[in-house]
Amino acid sequence: MAKSTKSQEVDVAENGRPALTGEDPAQLRDYYYNMLLLRRFEERAGEMYTKAKIGGYCHLNLGEEATIVGLMAALTPDDYIFTNYREHGYIIARGIEPGPVMAELFGKETGVSRGRGGSMHLFDAKAHFMGGYAIVGGQVPLATGAAYALRYQERPGVVLCQVGDATTNIGAWYESLNLAALWDLPVLFFIVNNGFGMGTTVAEGSSEPDLWKKGSAFRIHGEQVDGTDVIEVRDTVKRLRERAEKEHKPAILDVTSFRFRGHSVIDPDRYRDQDEVKRERARQDPIPTVRQAAHRRPHRRRGLAEGDRRPGSSRRSRRRSTSPRRAPTRRSKTYLTLCTPRPCRTHPAAPRRSRWPSRWGAR
Amino acid sequence: MGEELARDPNVLLMGEEIGKFEGSYKITEGLLTEFGKKRVVDTPIAEEGFVGLAIGAAMLGLRPVVEIMTINFILVAIDQIVNHASKIHYMFGGQARVPMVVRTPSGGVGQLAATHSQSFENWFAYCPGLKVIAPSTPYDAKGLLRAAIRDDDPVIFIESLALYETKGEVPEGDDYVLPIGMAEVKRQGTDITVVAYSRMTVVAMQVAQQLEQEGISVEVVDLRSLRPLDRTTIVESVKKTNRAVVIEEDWYSYGIGAEIAATIQEQAFDYLDAPVLRVAGIEVPLPYAAKLSQASKPGAQDLEECDLTACSKGGKRWQK
């Protein structure tokens with residue numbers, strides 16, 4: 001049960017976060033866009049809940065963006081996904097438009113589950129997004145069964161079963177691990193380990209707090225992954241996914257991350273030291289690093305300061321998260337072509353005197 | 001089951017000891033040899049795990065027929081059945097179906113003691129999204145099991161240990177399917193309606209035969225389906241006979257009979273000449289000792305007494 005073995009040394013930036021060098025900037029920009037989309041969507045969902053537009057429970061993925069985007073970057077359209085109730089980010093990163101997802105949260109007929117499911121029961125058959133389950137651990141036997149069907153029908157693909165860290169204490173988890181190993185099922189058990197099951201820490205709930213080891217009773221391979229590193233998540237999932245598909249061997253991924261807010265929107269989060277929460281949010285926020293790496297350009301005169309906000313980006317994401325997708329506006333087209341050799345006149349760091357012709361005339 | 005396995009490659013059987021052991025009650029005898037390990041799957045003792053697995057597999061198009069050795073063990077899997085199987089189709093806006101059958105014998109037999117002698121069909125008849133079938137004859141069992149396997153929704157198929165040895169007429173080579181949700185009047189009568197299902201239908205038929213000699217004409221309504229419940233047939237029968245008794249193997253309070261009685265008084269109140277009475281299990285954990293065990297379960301004698309009470313003028317409330 002080795003820990004994640006990286007094929008190459010991971011670059012670490014000054015702040016201790018992964019520097020993500022060596023990755024294709026276009027790819028990183030795509031990850032950045034999606035991570036920011038999730039961030040803004042979840043912030044807006046939280047806001048809508050306080051305005052009573054969303055009812056019931058609302059569990060947010062704030063802080064888990066790299067985990068989700070990295071995961072989805074590694075899965076294929078053949079794969080099936082089962083999640084728990086903290087799932088908004090997963091269905092959007094899987095490719096479903098934010099509009100119908102928010103509509104579902106609002107309880108509308110135009111929602112992904114036609115308003116019958118709500119925040120905890122999102123579903124999209126075409127995207128193989130199989131829900132959205134609110135009973136802790138309930139999805140684990142289901143996911144194992146879906147993997148069983150893939151093998152029975154001799155189809156390609158694997159099943160991704162996302163769970164929280166506290167799920168690893170419930171009976172259904174253990175029975176499913178046993179069946180998956182016994183019957184050689186292509187299922188990945190993806191533990192999103194934010195250190196808490198509501199208010200209970202991992203150590204308070206699990207006699208074995210190294211969750212990736214929990215497969216050893218079933219001879220299931222387990223690895224721990226830094227969930228704030230989108231590339232590490234992607235590469236680990238890719239590797240274990242291939243292993244599951246070709247060799248029919250299940251695996252456990254213990255993906256560590258930080259939950260930005262309380263368990264759900266109504267949780268005042270009194271069991272955590274809020275100073276520490278603030279510090280960890282700044283330290284473990286996966287987005288600034290990706291933003292920085294995504295806009296790394298070889299010929300820039302000034303580098304971006306950490307935490308620098310590009311004026312166009314957040315606004316664009318915010319717009320997209322609450323309305324149906326529209327054709328890109330002129331401004332957003334400009335943003336997308338930023339790092340191809342054409343300067344953006346709106347960005348403060350853009351070179352003022354450029355070798356390349358400006359589309360708005362010489363500056 | 002063999003015929004359905006042969007007919008549809010997506011059908012598979014799953015359960016404890018159904019393959020190599022050929023079933024603890026020999027229901028699946030010979031099927032492993034005929035169809036192989038892929039179609040007849042021996043599971044470890046993990047009801048929640050393998051029922052949930054069957055549901056997940058059904059969501060991707062398989063049609064698993066899961067055997068729970070006896071209904072007493074279904075409780076460990078009840079979360080998957082009630083929170084997932086019954087709700088997946090609805091709460092995901094119709095995008096997924098669960099064409100799974102769970103077959104399990106209900107009711108006690110012999111001296112199996114408290115945790116091996118229970119009847120929980122009402123727990124499932126309670127749930128929207130499930131279908132619950134409880135046949136009493138071999139003919140009904142075959143037609144309804146076929147219907148259950150071919151149905152795209154989750155079906156709980158209630159069998160009976162005591163009925164496994166029954167023999168009855170079943171047409172050969174006939175691919176007949178019985179509709180789910182339709183009761184059958186197994187015996188026509190004019191004086192009193194006895195509503196029953198599963199093993200109790202057999203008891204009701206025996207008692208009806210006896211009472212015939214005493215001049216009471218008993219109409220026996222065999223429910224066959226508990227959910228959907230054929231309220232029309234029940235009510236029509238009571239409108240004809242004006243008296244009703246329910247005989248059920250489960251416990252008296254909150255059992256299947258409670259629903260029948262409520263239905264009858266709601267829809268045929270003015271037709272009743274006596275209160276609707278129920279013959280059911282005594283509300284104790286079933287004791288082991290033979291005499292105690294027998295005394296705790298409803299039998300022919302109890303039904304006879306109850307029928308007579310209902311038929312006497314202004315029948316009193318009767319409870320054992």
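**Reading a two-chain model**

Modeller: Let's start where the chains meet: 11 residue pairs are in polar contact between chain A and chain B, counting pairs with both residues at pLDDT 80 or more. Keep in mind that this is a predicted model.

Biologist: Okay, and how many salt bridges are there between chain A and chain B?

Modeller: The count is one. Look for the side chains of B:Lys38 and A:Glu154, which pair up at 4.0 Å, N to O.

Biologist: Which parts of chain A supply the side that touches chain B?

Modeller: β1 (80-83), β2 (129-132), α5 and α6 (171-182) of chain A each bring at least two residues to that side. The largest share comes from α5(A), with nine residues. Sorted by type, the side of chain A that touches chain B has 21 nonpolar, 10 polar and six charged residues.

Biologist: And how much area do chain A and chain B bury between them?

Modeller: About 2,700 Å², with 68% of it on carbon and sulfur atoms. In residue terms, 37 from chain A are in contact with 36 from chain B.

Biologist: Now the nonpolar cores. Which residues touch the most other members of the largest one?

Modeller: That core holds 89 residues, and the ones to click on are A:Phe82, A:Tyr148, B:Met59 and B:Met100. Helix α5 (residues 139-152) of chain A gives this core its largest share, nine residues. There's also a second, separate core of 58 residues, with A:Ile81, A:Met102, A:Ile231 and A:Phe258 among them.

Biologist: What does A:Phe82 touch, leaving out residues up to four places away in sequence?

Modeller: Its partners include A:Met130, A:Leu142, A:Ala146, A:Val159 and A:Cys161, and also B:Met59 from the other chain.

Biologist: Let's pick one residue within chain A. Is A:Val230 buried or exposed?

Modeller: The idea is to compare relative accessible area with a cut-off: under 20% counts as buried. A:Val230 has 1%, so A:Val230 is buried. You'll find A:Val230 in helix α8 (residues 230-247) of chain A. Skipping residues up to four places away in sequence, A:Val230 touches A:Tyr31, A:Met35, A:Ala66, A:Val69, A:Gly70 and A:Val290.

Biologist: How does chain A look overall?

Modeller: Chain A has 12 helices and eight strands. Of its 363 residues, 54% count as buried. Among contacts in chain A between residues at least 6 apart in sequence, 69% join residues at least 24 apart.

Conventions:
Residues numbered from 1 in each chain as written. Chains lettered and ligands numbered in written order. Predicted model: local features only at pLDDT ≥ 70, side-chain atom pairs only at ≥ 80, totals over all residues. Heavy atoms only, no water. Core = buried A, V, L, I, M, F, W, Y, C linked by side-chain atoms within 4.5 Å. Buried < 20%, exposed > 50% of the residue type's maximum accessible area, 1.4 Å probe, protein only. Helix = DSSP H or I, 4+ residues; strand = E, 2+ residues; numbered from the N terminus. Contact = heavy atoms within 4.5 Å. Buried area = accessible area lost by both parts, 1.4 Å probe. Polar contact = N/O pair within 3.5 Å; in protein donor to acceptor, adjacent residues only side chain to side chain. Nonpolar A, V, L, I, M, F, W, Y, C, P; charged D, E, K, R; others polar.
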